[in-house]
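Take a moment with the sequence and the model before reading on. The paragraphs below walk through them step by step.

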2 protein chains.
Amino acid sequence: MKPSIPKGTRDFSPTEVANRTYIMNAIKASFETFGFQPIETPSFENSETLMGKYGEEGDRLIFKILNSGDYLAKADEKLLSEKDSLKVTSQISEKALRYDLTVPFARYVVQHQNEITFPFKRYQVQPVWRADRPQKGRFREFFQCDADVVGSTSLWQEVEFIQLYDTVFTKLGLHKTTIKINNRKILSGIAEVIGAQDKLIDFTVALDKLDKIGKDGVVKEMLSKGITEEAIEKVQPLFNFTGSNLDKLASLEGMLQTSEEGKNGVEELRFVINAVDSLGLTSANLEVDVTLARGLNYYTGAIFEVSAPKGVNMGSIGGGGRYDDLTGIFGLNDVSGVGISFGLDRIYLVLEELGLFKAVDNPKPKVIFLNFDASTDLFKMKALKALRENNIKSEFYPDLGESNKQQKRQWKYVTSREIEFVVSSLENDVFTLKNMISGDQIECSLSELVNKLN
Amino acid sequence: MKPSIPKGTRDFSPTEVANRTYIMNAIKASFETFGFQPIETPSFENSETLMGKYGEEGDRLIFKILNSGDYLAKADEKLLSEKDSLKVTSQISEKALRYDLTVPFARYVVQHQNEITFPFKRYQVQPVWRADRPQKGRFREFFQCDADVVGSTSLWQEVEFIQLYDTVFTKLGLHKTTIKINNRKILSGIAEVIGAQDKLIDFTVALDKLDKIGKDGVVKEMLSKGITEEAIEKVQPLFNFTGSNLDKLASLEGMLQTSEEGKNGVEELRFVINAVDSLGLTSANLEVDVTLARGLNYYTGAIFEVSAPKGVNMGSIGGGGRYDDLTGIFGLNDVSGVGISFGLDRIYLVLEELGLFKAVDNPKPKVIFLNFDASTDLFKMKALKALRENNIKSEFYPDLGESNKQQKRQWKYVTSREIEFVVSSLENDVFTLKNMISGDQIECSLSELVNKLN
């Protein structure tokens, strides 16, 4: 009979909220340092805004909200009797919970285009909801932290986003992340070379296994997927894809000689990598990875994905890329966008695993006034008021402890909440202040108390 | 064809987010100063957690989430063919959006009772959703900011909550709010005196009109509602309910002589008022108001409601009270709770009307590097990196401005975003920095630039 919460959702305890706030504040502060401005959009959108934007699978995973009132009145009787769930949905539900922050952002840009000065650099930190099967690091309600620029095609944006990842992860103490970068145009070039766009995913999936199954295994898998020996021959350089990022680009350039688009992709990547090399990264590594095929139907230029440091078993903790026509779905064409996302919940799990929350300030009071003598209550409340006016987190144990047992309960409360300072008694304006860590106890006046705790 | 958002929801622009964050941070900081700790609960709960907790009207206003997949499969065919929306709901929907923060908090306390040290002082700042008819200050998605204590019956909590209201509104510059206070037990006493619990709402509604329609009007309305002349005679003091709060209590005490519960209510109020008088309030007024019947079936002791300063036309901007058995609905009995709520969206409207957002720091960059000469890009990016390492909000106009028109667009961007400092050119490591407010322009080195902007 104990109450519970829906599968894939979570309650957050005070410590967890403090840790999450710590991560979010680091991300938000960096976003603002880089010139991004916050916006927020509603938790639910009109269904037509979201449906059809994430593919068939996405449509299925969007949480739909039932219309209010007598929602069945307008539903088609035949469809109801046939129990045609799919078709009935649009008749009984007009709203749906946000599935990501990108589509609502595109909707926002189009809706508010006359109020916005472009290029528009916005950030957004809000929850999204997906009816996905929950697993480690995957929840049905989770926060996304996105920064995007729309209205500029400059590759300096790509450079800045890589610096932004580096800045945030450095600030969080999460060193040695790997920022993987690819370019959609390079993938298109590879597709041209292997002679089939529709084999591209099979190709990258197979290639991604090179470390595990070796060249022979990869070639075998490619052949089984219908990629010809001749095509595989042409992409030989990918089987020995080592050296620096610039080495890799040189190798790609040779391989993609016959593809204009492929060569463009290499040029774009080279610009970004040269710039990042010149500017330097503090704690992250940048790595060209041609198997990166994230959001293949979505991105048109750069593709990013961030991996946690080696040894931490977690999917990507961030990702993004450039999309040349983000707002086209809502009727505003030719607005290029590029952006990245931080996966708050996964970053949380990584920081936890690596013990990186030590510095987080817990939202607990610094001092508590115990309550053993009702006659001094008012004096204590006055002292408390003075402390709080000095922004010292403080509280008063509310219930009078007369018996030994009741007084013990108050001390137990202090220990369990790990409160550092305790005022245990007050006589003639003299407070007895105990430091619970050192065990030291002093007697002091109110002004000394404020100074001591400030 | 322009995209839109659902009725009663809002997009928030960067300025609005900054203003909202300012209010939320003031509230959260005060909550923590008073010893409260943050928790968060999921946006949606199992339907059985919420349904039946807010009365029939509340049930109707709760947003329900459609089950995923083939949700009609399990629905009763007869009910579907009868289009019985009410009964079908529970067969096709198992989750619902949070309607307030109090019921999820009660659920949290019961579910996590073994991890919690009581008294538990928690705060929670999260959105809630209601399918209400939108109007000024009433939205379908809005934020609540709640602080509650469970597990203590001490009246010092009531005193602290009044101080907390005063602290937050003072911090926001919102002076002369009125914190109205009543006690459920006084209302019960009045019901005893007028001889009918079921007439209590009619009684308080009529009495509330005293200022507007005068004593004769109020008596007439009470008689029309079936309250007897004899009963009205017994509550004469309420028709001349003036003087200090203590005067009012004396008058109530005389009137409620025959009601034990009523006299208890007066005693409780007297304790709270005496304490608040001794401690003092900075900017708010405390006012006993026996017409305050907020959450009548819910609260068992103190009842609070906060009005905006006179002259601002807005419903209550906060409210709360004591409920003796909050967690009983989930099977944990005898846990007394008391709490207050801040209505973020209404407070926003009041601050806006009174021009109290002037101090809010807009999340715009402090300095921008214009882009008129691609050959200096890398130097500018290096300077930008140095500024950002010093936490100076800064950006680089991404697209090269070669033509006059393109360069004008960059200056227009600066003006429209109200950016204070502009680096317009860079030659031989010398930056030209312009203050857009004073018009002053200087030439400086990188280290001078960092110092100047820091």
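What follows covers two sheets, a pair of helices and the contact between two chains.

Keep in mind that this is a predicted model. Start with chain A and its open sheet of 8 strands. The strand order is β1-β5-β6-β11-β10-β9-β7-β8, and the pairing is mixed. Strands β1 (37-38) and β8 (285-288) of chain A stand at the edges. Each has a single partner strand, so one side of each is left without a neighbour in the sheet.

Now look inside that sheet. Strand β9 (residues 302-307) of chain A pairs with strand β10 (residues 318-323) of chain A in the antiparallel sense, over 4 bridges. Here A:Glu305 stands opposite A:Gly319 in β10(A). A helix packs on this sheet as well: α1 (residues 14-33) of chain A. Helix α1 touches β1, β5 (120-129), β6 (141-150) and β11 (337-343) of chain A. Its direction makes about 5° with that of β6(A).

Next come two helices of chain A, α9 (residues 200-207) and α10 (residues 210-224). Their axes come within 8 Å and cross at roughly 145°. From α9(A), the contact uses A:Phe203, A:Val205, A:Ala206 and A:Leu207. From α10(A), it uses A:Leu210, A:Val218, A:Glu221 and A:Met222. By class, that contact has 7 nonpolar residues, no polar residues and 1 charged residue.

Move on to the open sheet of 5 strands in chain A, ordered β13-β12-β14-β15-β16 with mixed pairing. Its edge strands are β13 (394-396) and β16 (441-444) of chain A, and each pairs on one side only. The twist averages 25° from one strand to the next. Strand β15 (residues 430-435) of chain A pairs with β16(A) in the antiparallel sense over 4 bridges. There A:Thr432 stands opposite A:Glu443 in β16(A). Helix α15 (residues 377-389) of chain A packs on the sheet, at about 165° to β13(A). Helix α16 (residues 404-416) of chain A lies across β12, β13, β14 and β15 of chain A, running at about 150° to β14(A).

Finally, how do chain B and chain A meet? The contact takes 101 residues from chain B and 100 residues from chain A. The two chains bury about 8900 Å² between them, 57% of it on carbon and sulfur atoms. The interface holds 8 salt bridges. One of them joins B:Arg107 to A:Asp11, with the closest N and O atoms 2.6 Å apart. On the side of chain B that touches chain A, helix α15 (residues 377-389) of chain B gives the most, with 7 residues. That side divides into 44 nonpolar, 29 polar and 28 charged residues.

Key. Residues are numbered from 1 along each chain as its sequence is written. Chains are lettered from A and ligands numbered from 1 in the order in which they are written. This is a predicted model: local features need pLDDT of at least 70, side-chain atom pairs count only at pLDDT 80 or more; totals for chains, interfaces and linings use all residues. Side-chain values use heavy atoms; hydrogens and water are left out. Two strands pair if DSSP finds at least two bridges between them. Contact means heavy atoms within 4.5 Å. Axes are lines fitted to C-alpha atoms, for helices over the stretch in contact, and angles run from 0 to 180 degrees between N-to-C directions. Buried area is the accessible area (1.4 Å probe) that two parts lose on being put together, summed over both. A salt bridge is a side-chain nitrogen of Lys or Arg within 4 Å of a carboxyl oxygen of Asp or Glu. Ala, Val, Leu, Ile, Met, Phe, Trp, Tyr, Cys and Pro count as nonpolar, Asp, Glu, Lys and Arg as charged, and the others, Gly among them, as polar.
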